[in-house]
Amino acid sequence: MKKARILLCSLLLTTLGAMAQQEENDAPVYVIDSVLATPALMENLPPDQIGLITIAHGQKAILKYGSQAANGVVYVETKPFARSRVRRLLSTKAPAYDSLLRRYGNDSSFQYIVNDHIITPTDETRLMTVDQKTYVSLEILSPKVLEEIYHIRGRQAGVRIVSTEK
């Protein structure tokens with residue numbers, strides 16, 4: 001009877017171990033702010049810090065990350081990382097923006113507008129989706145124009161971005 005119990009426990013532990021391994025193998029690859037991350041790190045990332053999530057799958061994902069990407073790759077950009085990426089992009093695409101950014105030292109006094117949608121601190125997703133592929137153009141708006149068209153006061157400048165992203 002004792003041998004049967006030991007055999008049963010061994011089978012149960014082996015089965016549970018195989019299930020855990022299979023579950024782990026079914027997990028996608030996680031990349032947070034361009035760095036490979038563990039599922040545990042992803043689970044501990046506060047939702048209010050997530051700026052953008054992109055999911056990739058297929059041959060390109062497997063070529064880049066190997067067979068572990070067979071179940072896809074989840075790219076996550078935190079809000080600070082995404083904002084920094086967008087600032088770098090806009091600085092390279094629009095000299096007027098780069099000049100404005102250098103003059104004020106940061107963009108905290110700018111009002112971003114993407115495809116005529118005013119970007120608010122709680123709704124920055126439109127801004128964070130601007131990238132090399134979606135960027136079309138940028139226009140700097142004076143405080144006076146910002147107030148006349150968008151009824152926004154207290155900002156040093158408006159940054160109106162046209163993007164192919166809707």
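Student: Which residues are in contact with Ser 163, leaving aside its neighbours within four places in sequence?

Tutor: Contact means heavy atoms within 4.5 Å. With those neighbours left aside, Ser 163 is in contact with Val 114, Asn 115, Val 130, Thr 134 and Val 136. The model is a predicted one: local features need pLDDT of at least 70, side-chain atom pairs count only at pLDDT 80 or more, and totals for chains, interfaces and linings use all residues. Residues are numbered from 1 along each chain as its sequence is written, and side-chain values use heavy atoms, with hydrogens and water left out.

Student: How do you know whether Ser 163 is buried or exposed?

Tutor: A residue is buried under 20% relative accessible area, exposed over 50% and partly exposed in between (1.4 Å probe, protein chains only). Ser 163 has a relative accessible area of 4%, and therefore it is called buried. This residue lies in strand E8 (residues 157-163); helices (H or I, at least four residues) and strands (E, at least two) are DSSP runs, numbered from the N terminus.

Student: What lies 3.3 Å from a polar atom of the side chain of Ser 163?

Tutor: The backbone oxygen of Thr 134 lies at that distance. A polar contact is a pair of N or O atoms within 3.5 Å; within protein, one must be able to donate a hydrogen and the other to accept it, and residues adjacent in sequence count only if both atoms are side-chain atoms.

Student: What makes strand E2 and strand E3 the edges of their sheet?

Tutor: Two strands pair if DSSP finds at least two bridges between them. The open sheet has four strands in the order E2-E1-E4-E3, with mixed pairing. Strand E2 (35-37) and strand E3 (50-56) each have a single partner strand, so one side of each has no neighbour in the sheet.

Student: How do you know that E1 and E4 are paired?

Tutor: Strand E1 (residues 29-32) and strand E4 (residues 73-78) share four bridges in the parallel sense, and the rule asks for at least two. In this pair, Ile 32 stands opposite Val 76 in E4.

Student: Why is the pair of Glu 77 and Arg 85 called a salt bridge?

Tutor: A salt bridge is a side-chain nitrogen of Lys or Arg within 4 Å of a carboxyl oxygen of Asp or Glu. Glu 77 and Arg 85 have N and O at 3.0 Å, and both residues are buried. By this rule there are seven salt bridges.

Student: What makes Asp 107 and Arg 87 buried, exposed or partly exposed?

Tutor: Asp 107 has 7% relative accessibility and therefore counts as buried. Arg 87, at 25%, counts as partly exposed. The two form a salt bridge, with their closest N and O atoms 3.5 Å apart. Asp 107 also meets Arg 83 in a salt bridge at 2.8 Å. Arg 83, Arg 87, Asp 107 and Glu 124 are linked in a network of salt bridges.

Student: How do you know that Asp 33 has no salt bridge?

Tutor: Lys and Arg count as positive and Asp and Glu as negative, while His and the chain ends are not counted. The nearest side chain of opposite charge to Asp 33, that of Arg 85, is 8.4 Å away. A polar contact of 2.8 Å joins its side chain to that of Thr 78.
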